[in-house]
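Trainee: Please pick one part of this structure and look at it closely. After that, connect it to the rest of the chain.

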Amino acid sequence: MTIKEILDFGRQILTQAGIEYPGLEAEILLSRILDQDRVYFYTHSQEVVDLERTEIYRSAIKRRCQLEPVAYILGKKEFMGLDFFVNGDVLIPRPDTEPMVEHLLEYLQDNYPDGAKVLDLCTGSGAIGISIKKYFKPGIVSLSDFSEAALTVARINASQLVKGDLSLYQGDLFAAIPEGESFDVIVSNPPYIRRAEMSGLARDIIAYEPHLALDGGESGLDFYRRIIAEAHLFLENDGLLALEIGDHQAAEVIDLLANDGYQEIQTIKDLSGQIRCLTGKLSSIKPGDNNKLG
């Protein structure tokens with residue numbers, strides 16, 4: 001089959017399966033298999049694709065028709081200009097997380113030009129923490145996750161994308177962090193979907209992405225309550241906590257931060273203008289600690 005014929009085939013099958021952008025996805029899958037950019041297809045439309053790669057393409061199209069996300073089929077997802085390895089053990093990094101990372105990079109460069117210690121809690125693929133390490137080279141970055149399988153993915157990405165060691169910790173939130181360890185910045189994109197809303201997620205998400213990384217409990221706020229309360233033990237004085245949040249959770253999470261003594265709370269919007277991240281600086285005096293005043 002020529003490139004044109006194989007793309008026509010892919011587009012037709014994906015259209016029949018109800019895929020929203022069949023032409024685009026047909027090209028993306030072939031681009032990965034042929035290791036060529038999509039422009040190449042228009043200048044080499046009559047080039048013949050060998051049988052082995054044609055069969056690989058057919059298999060990829062079949063998987064997409066079963067709603068498997070393209071990122072899992074390709075085994076990679078671009079985030080912050082880097083190609084991260086992904087599989088079904090980790091959530092697929094989303095572009096809407098990038099403004100939070102960009103904000104943190106600017107904050108670190110402005111406030112800690114000589115280096116800072118950063119913890120990426122609930123790291124998954126490692127996209128947030130590894131991106132920070134990549135673009136803020138003096139940073140000392142640690143990655144933590146409850147899932148050992150997710151940490152395996154993060155370890156692969158760290159080895160492929162950055163120079164210098166990153167510490168990886170496995171365990172339930174801060175229980176994974178060694179006693180006495182502290183950080184200048186703690187960032188987390190924890191599970192935040194309300195349990196009752198899990199079944200309403202897009203079919204490709206609910207069928208393929210790990211529920212452990214999605215389910216935020218009955219209110220969707222379970223992890224925020226724990227992280228906000230326990231981060232006091234691991235943040236340096238004047239340390240910053242950054243949290244990615246779900247749609248319409250800003251007011252509730254701001255209240256949690258304020259009630260636990262975080263100050264200078266800021267909001268960061270995603271690419272669609274939705275508040276997607278909150279940051280707060282640790283106050284050395286928590287509410288109720290009146291004996292520390294004066």
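Mentor: The part to look at is Glu 264, which is found in strand E8, residues 262-269. Strands (E, at least two residues) and helices (H or I, at least four) are DSSP runs numbered from the N terminus. The model is predicted, so local features need pLDDT of at least 70 and side-chain atom pairs count only at pLDDT 80 or more, while totals for chains, interfaces and linings use all residues. Residues are numbered from 1 along each chain as its sequence is written, and side-chain values use heavy atoms, with hydrogens and water left out.

Glu 264 counts as exposed because its relative accessibility is 52%; the cut-offs are over 50% for exposed, under 20% for buried, and partly exposed in between, with a 1.4 Å probe and protein chains only. Setting aside neighbours within four places in sequence, Glu 264 is in contact with Thr 279, Gly 280 and Lys 281, where contact means heavy atoms within 4.5 Å. Glu 218 is 46 residues from Glu 264 in sequence, and their C-alpha atoms are 29 Å apart.

Not counting residues up to four places away in sequence, Leu 74 touches Ile 28, Leu 29 and Arg 32. Phe 85 is 11 residues from Leu 74 along the chain, with 8.9 Å between the two C-alpha atoms.

Now the chain as a whole. It has 11 helices and nine strands, and 50% of its 294 residues are buried. The C-alpha trace spans about 80 × 40 × 35 Å along its principal axes. Of the contacts between residues at least 6 apart in sequence, 65% join residues at least 24 apart.

Two helix pairs show how such contacts are made up. The axes of H1 (residues 3-16) and H4 (residues 51-65) come within 10 Å and cross at roughly 15°, so H1 is roughly parallel to H4. Axes are lines fitted to C-alpha atoms over the stretch in contact, with angles from 0 to 180 degrees between N-to-C directions. Under 35 degrees is roughly parallel, over 145 roughly antiparallel, 65 to 115 roughly perpendicular, and the rest oblique. On the H1 side the contact includes Ile 6, Phe 9 and Ile 13, and on the H4 side it includes Tyr 57, Ile 61 and Cys 65. By class there are eight nonpolar, two polar and two charged residues; Ala, Val, Leu, Ile, Met, Phe, Trp, Tyr, Cys and Pro are nonpolar, Asp, Glu, Lys and Arg charged, and the others, Gly among them, polar.

For H6 (residues 98-111) and H7 (residues 127-135), the axes come within 10 Å and cross at roughly 40°, so these helices are oblique to each other. Leu 104 and Leu 108 are among the H6 residues in the contact, and Ile 128 and Tyr 135 are among those of H7. The H6 contact with H7 has eight nonpolar, two polar and no charged residues.

Last, the cysteines. Cys 65 is partly exposed because its relative accessibility is 24%, whereas Cys 122 is buried, at 19%. The closest cysteine sulfur to that of Cys 122 is in Cys 277, 14 Å away, which is too far for a bond. A disulfide is a pair of cysteine sulfur atoms within 2.5 Å, and by this rule the count is zero.
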